[in-house]
Amino acid sequence: MVPYKFLGGDAPLVEAFNERGLKYVSVLISIGAIAGLTTTLMVGLYVQSRLYLGLGRDGLLPSVFAKVHPTRHTPVHSQIWVGIVAIILAGLFNVEHLSHILSVGTLTGYSVVSACVVSLRLKDKTASPVSAVRISKKDEEIICLILLACSGFAAGVFYRFGASIIFLTVAGLTAIVATAALHFRQVYTDPPGFSCPGVPIVPAVCIFLNIFLFAQLHYEAWVRFIILCVITVVGYAMYGQHHSNPFGSDTLLAYHRAPGNEANA
């Protein structure tokens, strides 16, 4: 339709249809984009409030976040808090800066989830002789996961700054060796039902690629990520570790049927 060199970065698809005289298509695309953004924002707010609900039930946050409305059965306090924070962030910060933080959080979250999949599926956690030191299978797994993350970050930095292919090869080989150690030196369970396939290969590839993309972000995103990590660790050290009770959260769970289901029952 239009050479990509002549398109802008804000709304290239809309500009392309405008150049061809199809303005009504541009209007439809804009309406769809607004609807999609609104839906995404609403889903994000709902998910975040439920996350605070879970943290409150586990004791990592004050118990006020674990309270549920008596009739609507929704975490009303968490929803109010998330809404206030979203309003403040949207009003005071640049959207570009917020997008950097979002990218950092998303990539880090997916990497942590992939590492947790490997850790939870580990079967044998007994000690095994490695060189002259006996370390557990769990410790060996942690070392391999750290090597995976470091090699992914190193490969991303080398690629970003145009380093020699030798450095990229070394980082890639390190990741392959760590993945091979996870695959051949560990034993994993196979839970019933649906579960992540290809453990630990698939999670290892996810960790490497996510951290590789993490290294492509602007250095300001790294700084903000470090600041948020420090704030989180300080909050956990001052409050979370003294009030956490993950094994006792089941007593707080209350499930309610929908009104229609209760009537049918």
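How much space lies in the largest pocket? About 2400 Å³.

This is a predicted model, in which local features need pLDDT of at least 70 and side-chain atom pairs count only at pLDDT 80 or more, while totals for chains, interfaces and linings use all residues. Residues are numbered from 1 along each chain as its sequence is written, and side-chain values use heavy atoms, with hydrogens and water left out.

A pocket here is an open set of points on a 1 Å grid over the protein atoms alone, where a 1.4 Å probe fits, with protein on both sides within 12 Å along at least five of seven lines; lining residues have an atom within 4 Å of a point. Points are joined across faces, edges and corners, and the volume is the space filled by probe spheres set on them.

**Stop 1: the largest pocket**

Select Gln48, Tyr52, Leu89, Ile101 and Leu102, the closest to the pocket centre among its 44 lining residues. Next, show helices H2 (23-57), H3 (76-92), H4 (95-121) and H8 (219-243), each giving two or more residues to this lining. Helices are DSSP runs (H or I, at least four residues), numbered from the N terminus. H4 has the largest share, 12 residues. Colour by class: 31 lining residues are nonpolar, 12 polar and one charged. Nonpolar means Ala, Val, Leu, Ile, Met, Phe, Trp, Tyr, Cys and Pro; charged means Asp, Glu, Lys and Arg; the others, Gly among them, are polar.

**Stop 2: the second largest pocket**

This pocket has a volume of about 270 Å³. Select Thr108, Ser111, Val112, Ala149 and Ile211, the closest to its centre of 13 lining residues. The lining has 10 nonpolar, three polar and no charged residues.
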